[in-house]
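Please look over the sequence and the structure before reading on.

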Amino acid sequence: MQHPASSRRRFIAGATSVGAAALGFPAISRAQGSPISLRFQSTWPSNDIFHEFAQDYARKVNDMAEGQLKIEVLPAGAVVKAFDLLDAVSAGTLDGGHGVVAYWYGKNTAVALWGSGPSFGMDANMLLAWHEYGGGKELLAEIQQAMGVNVVSMMYGPMPTQPFGWFKKPVTKTDDVKGLKFRTVGLAIDMYSAMGAAVNALPGGEIVPALDRGLLDGAEFNNASSDLALGFQDVSKICMLQSFHQSAEQFEILFNKNRYEALPKHLKHILAYAAQAASADMSWKAADRYSSDYVKLQKEHNVKFYKTPDAILQQQLKIWDDMIEKRSAENPLFKKVLESQRAFAQRAGRWHNDTSVNYRMAFNHYFARKPAA
């Protein structure tokens, strides 16, 4: 006669096995073989915090997959150059990658609207809201189909407003930009060109060497931490803060479409939910690290930060209006994205602006110097 406890254990084990099969749980385990491996490359140098963000996403996926899936992230140039990532992922040379859609501007100008320009007054997090819930995701898939690329994209990671740029002296008016050899990417190329700059689009790792050799007079990249790691402070001591050229950008996680579609459904869910988790984590880490490095650049490297004059910001908006009218006439998909963004921004932006308190008022209350009594 079997012991009752032993019988119960056998029954539960058998029921669990049958239940798992009935629910369609994948028959994948670490004991049954090696994990599915995805080979990724970022578009960032290994010392850039952006590459760290890419690794953060991979770690979240790897932790949640518990041995069933593993992403390995290589830095820019390990397999292909930064600007060649999209084609490499599409062709299956790489399984995936981490970058920004503005880098694919040359294939279709519409992709640069995920971050370039003032985005009708939306910040980066609100632009992500438009992407997820306002039709952006579907529009990006339509554009990628028109581009003929075999990829799946996940947008995440809202970036704070990017500086106007690093220069040899403060920029006080638009004319100060005329004739400068300047680095930027995406539709910002049109904006700085309209301001009179001679623009050269370079990946992050090539900017500071070009500034050092005099091939550039000025440049923008992204944030205090990236700029510090790339060495901007060694070739310039002036940085102009605030700009509409890229005031609402975010990151892109790319997958080869065939490789992605072949994954079990539950692993696809992990890839998607890890992107959402990494989006929040990245914004928290950025607030901590960017602010620390902002202070370090000033105290340890004698960098002077200046606010970009409002007259230049207003000029950027006027230039942008002319640009988008021209680009919309050339590219129906460009116009379609703009119309979708405008509709979302008008509704969500009004709500956001009407309900958000002025945080600077509270900051000044606690930290601004008060006149002596």
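K107 counts as partly exposed, because its relative accessibility is 41%, where partly exposed lies between buried (under 20% relative accessible area) and exposed (over 50%), with a 1.4 Å probe and protein chains only. The model is predicted: local features need pLDDT of at least 70 and side-chain atom pairs count only at pLDDT 80 or more, while totals for chains, interfaces and linings use all residues. Residues are numbered from 1 along each chain as its sequence is written, and side-chain values use heavy atoms, with hydrogens and water left out.

K107 forms a salt bridge with D87, a term that requires a side-chain nitrogen of Lys or Arg within 4 Å of a carboxyl oxygen of Asp or Glu. This pair links distant parts of the chain, with D87 in helix α3 (residues 85–91) and K107 in the loop between β3 (96–99) and α4 (124–133), 20 residues apart. Helices (H or I, at least four residues) and strands (E, at least two) are DSSP runs numbered from the N terminus. D87 is also partly exposed, at 37% relative accessibility.

The structure holds 18 salt bridges, including those in the table.

| Salt bridge | Closest N and O atoms |
|---|---|
| K285 with D56 | 2.8 Å |
| D87 with K107 | 3.0 Å |
| K178 with D175 | 3.2 Å |

Salt bridges that share partners join E52, D56, R59, K285 and R289 into one network.

K285 and D56 form a salt bridge. They are 229 residues apart, K285 in helix α10 (residues 265–301) and D56 in helix α2 (residues 49–65). K285 counts as buried because its relative accessibility is 19%, and D56 counts as buried at 7%.

Helix α11 is described next. This helix (residues 310–330) has 21 residues and reaches 30 Å from its first C-alpha to its last, close to the 30 Å expected at 1.5 Å a residue; the expected span is 1.5 Å times one less than the number of residues. The buried residues of α11 are I312, L313, Q316, I319, W320, M323, I324, R327 and S328. Seen down the axis, they fall within an arc of 165 degrees, so they line one face of the helix; the arc is taken from the directions from the helix axis to the C-beta atoms. These buried residues pack against α6 (188–194), β11 (304–307) and α12 (332–355), contact meaning heavy atoms within 4.5 Å. The face turned away from the buried side of α11 carries the exposed residues A311, K318, D322, E325, K326 and A329.
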